[in-house]
Amino acid sequence: MENFLPVLLLLFFAVCLCIGIYTVSHILGPKNPNASKLSTYECGVEPEGSARVPFKTHFYLVAVLFLLFDVEGVFFIPWAIIYRDSLKEGTDILIAGGLYMALLVLALSYIFRKRLLRLH
Amino acid sequence: MDQFDFIVLAVKTLVILVLIIQVVPVMIYLERKIAALIQDRPGPNRVGPLGLLQPVADALKLLMKEDPVPSNVNKFLFQIAPFLAVMPACLSLAALPLGDFFEIGDRKYLLQIADLNVGLLYIFAIGSLGIYGTLFGGWASNNKFSLIGAMRSASQIVSYEIPLALGVTGAVMMYGTLSLREMVFKQSGLLLGVLPNWGVFYQPLGFLVFFVAAFAETNRLPFDLPETEAELVAGFHTEYGSMSFASFFMAEYMAMTTMSAVMTTVYFGGWQIPYLSDEALFSMIGSRNILALIQVAVFFTKVMVFMCIYVWVRWTLPRFRFDQLMKLSWGNLIPIGLINIVLTAIGLYFWDKR
């Protein structure tokens, strides 16, 4: 755990940096707001309704696929770390990796078959 | 760990943080100069000799600008978003090894904030938190351009996270570790007596995948769809001004620096000088601390080369369309990443059997 003490220190400095930037820019910057300055900037056209509109569910789908694949990708990493050491003891690790890879390729081809990534 | 160690640690952390933040103004200057070179115009040349003080003038100008909070935004999220973008960018540089070590008296200190045994995973994990800044900023702005920019950015970053991880998996298999420091040590020496023993010569395909994905992760051209000027004004930071805008800018450049540093460390031998081992250099100059300075200089030179490639690509390639972008990630980079893992596995099997 002692390894992560410097990370906490860095976090502390990063927070200080953010607070510093915020305070300095608020002290130095002028403050004279007016109505047109505070309106939404949509190329000078009057904003039409709220921006909180529903958008395509495809974005949600991409996020779900990302979750699946990222977790699968991360599972590869412990396998990758021990790969060379385990090779000395036999080819079990090669077979295990191959099976896992086959599952991944199957999942990826399913995504393309179903055209889940067609964005329009 | 006693008090002295702690003070050295704190100073070291602060110095490394400031050093990496200083890459931002240098990079802004270089970017404008290289852009000018490519487009055959002089570029910034009024402030200071050769325009060298331009970034300072820019920073001062941004600090002294008004930071308006538009009336119909979600105020808390709007104001906190730029800092949510900067903080992960700062945090992710904890695992970068800038050099071997330096000495004070007879104590050794690593030229790295923390030698984490999960270094590479840590950088990816923290680095991808930066997306919260983008998403919150875009959503809280209550502006359609910002929202579209933020959504694009989110799906782009998550799509390219996977090739990024798959790209380095090959290198991790080769090195058998996630600690960036150990990776650098494993790249010392020569390959076949001619080339430096760098990861890129073993993993060209993995490097290519990582390189392309790194561009998309940092929202740079040709993948800067979240902020396409022509269609989305400025994307997710349309409503921001003053230092809030500068924070997003800083976060982007720091993410670029981190990505370049990871490429340097994993594929290009980190702080090592090709054809000249650390020990040989040490016997020539005879001081560990000067050696450490040289290593940091070499490291930053390599990083700056990658940063210049970022700029070069930016002014050379046109922008992708959004569906092309998604197709490139899911249809091309992920399969290539998987093929690279298979090739590496088979290659290592035969290499180790020799």
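Student: How do the residues of the lining of the largest cavity divide into nonpolar, polar and charged?

Tutor: This is a predicted model, in which local features need pLDDT of at least 70 and side-chain atom pairs count only at pLDDT 80 or more, while totals for chains, interfaces and linings use all residues. Residues are numbered from 1 along each chain as its sequence is written, chains are lettered from A and ligands numbered from 1 in the order in which they are written, and side-chain values use heavy atoms, with hydrogens and water left out. Ala, Val, Leu, Ile, Met, Phe, Trp, Tyr, Cys and Pro count as nonpolar, Asp, Glu, Lys and Arg as charged, and the others, Gly among them, as polar. On that basis the lining of the largest cavity has 13 nonpolar, 8 polar and 3 charged residues.

Student: Which element gives the largest share of the lining of the largest cavity?

Tutor: On a 1 Å grid over the protein atoms alone, a cavity is a set of points where a 1.4 Å probe fits but cannot get out, a pocket is an open set with protein on both sides within 12 Å along at least five of seven lines, and lining residues have an atom within 4 Å of a point. Helices are DSSP runs (H or I, at least four residues), numbered from the N terminus. In chain B, α3, α4, α5, α6 and α11 each supply at least two residues of this lining. The largest share, 6 residues, comes from α11(B).

Student: What is the volume of the largest pocket?

Tutor: The largest pocket is lined by 35 residues, with V24(B), I28(B), L62(B), A246(B) and F249(B) nearest its centre. A volume is the space filled by probe spheres set on the grid points, which are joined across faces, edges and corners. For the largest pocket this comes to about 1,000 Å³.

Student: Are α1(A) and α1(B) parallel, perpendicular or oblique to each other?

Tutor: Their axes, lines fitted to C-alpha atoms over the stretch in contact, with angles from 0 to 180 degrees between N-to-C directions, come within 10 Å and cross at roughly 50°. Angles under 35 degrees count as roughly parallel, over 145 as roughly antiparallel, 65 to 115 as roughly perpendicular and the rest as oblique. The two helices, α1(A) and α1(B), are therefore oblique.
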